[in-house]
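Please look over the model below before reading my points.

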Amino acid sequence: MRWENFRRSILVGLLLSLGVAGFGQDLFDYSNSKKYADYLFEAGRYEEAATEYDRVVYLNATDTAAWQNLLISMQYLELYQESVARLKSIKTISTSTIQFGRIHTYALFSSYQFEAISEVLTSYSFPTADIVFLNSASFALAGNWVNAEQETEKLSDAPYLVQQMHDISMEAQNRNRKSPFLAGALSTVVPGMGKIYTGRWKDGLFSLLLITTTGYQAYRIISEKGIDRPGAWIFGGLALGFYTGNIYGSVKSAKVYNEFEEKKYEDRVQYLLDIYYGR
């Protein structure tokens, strides 16, 4: 109840300060709805802002700024597909400007539709440098670092973001990779060696110690008491299980290593996109 009263007092105070407290004034007309929607948007209350902007564009379907803030509010709420559908439904104003293009491409990046980026860029009035940057970023995030690099080389005098995309693409192609096959082969020959190869020294040494200990126990029991002793089967089974599990773990470790390295470069690309979109 207190919160509702507080919100109501803020709204009333805002409207009074804007000089709209006249006797016959409609508090929900276009002008006041726009002011309140802008206030909510600036305050980061995007769900309420989206509702108010819906009212604004209903009252004035030619308000370009209201349309843009409505779509951005929806995207802050992670309604990416819905924002694109709403953008495509706008008929009262031109939506071919770079501002709407940034809104559209941001939704595609955020919903991981990287292949669709290049298809929509030509629908908007993007400068060449923006097209090159966004195309390169979409190739990179799709894992195609070669195409990302080639895209950045289309400009001889590239701006900062394109230069950074070029450097990241080159580094990503030359990064250190671990072979899952080699990791498994190493652990087949020397237990734990595959994990050591992928940088997991502690896990590798622990695997080596565990497998050699259980294997030695099985060997000792067999050599001293025979293979028919329960302990021989127990320790032998444990050693075999640890051995095969270690090989599988080494292969998986190499894949995780590669995914982690890939993620580092993807994060750098995402950082450049955050700079570009200013969000």
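The points below cover a helix pair and a pocket.

1. This is a predicted model, so read it with its cut-offs: local features need pLDDT of at least 70, side-chain atom pairs count only at pLDDT 80 or more, and totals for chains, interfaces and linings use all residues. Residues are numbered from 1 along each chain as its sequence is written, and side-chain values use heavy atoms, without hydrogens or water.

2. Start with helix α3 (residues 46-59) and helix α4 (residues 64-76). They pack at an angle of about 150 degrees, and their axes lie 9 Å apart. That angle makes α3 roughly antiparallel to α4 (the word applies to angles over 145 degrees). Angles run from 0 to 180 degrees between N-to-C directions.

3. Now the residues in contact (heavy atoms within 4.5 Å). Helix α3 supplies Tyr46, Ala49, Ala50, Tyr53, Asp54, Val56 and Val57. Helix α4 supplies Ala66, Trp67, Asn69, Leu70, Ser73 and Tyr76. By class, this contact has 10 nonpolar, 2 polar and 1 charged residues. Ala, Val, Leu, Ile, Met, Phe, Trp, Tyr, Cys and Pro count as nonpolar, Asp, Glu, Lys and Arg as charged, and the others, Gly among them, as polar.

4. How many residues line the largest pocket? The lining has 14 residues, and Phe109, Ser110, Gln270, Leu273 and Asp274 lie nearest the pocket's centre. A pocket here is an open set of points on a 1 Å grid, where a 1.4 Å probe fits, with protein on both sides within 12 Å along at least five of seven lines; lining residues have an atom within 4 Å of a point.

5. Helix α14 (230-277) and helix α6 (98-110) each give two or more residues to that lining. The most come from α14, with 7 residues. By class, the lining has 7 nonpolar, 2 polar and 5 charged residues.

Methods: Helix = DSSP H or I, 4+ residues; strand = E, 2+ residues; numbered from the N terminus. Parallel < 35°, antiparallel > 145°, perpendicular 65-115°, else oblique.
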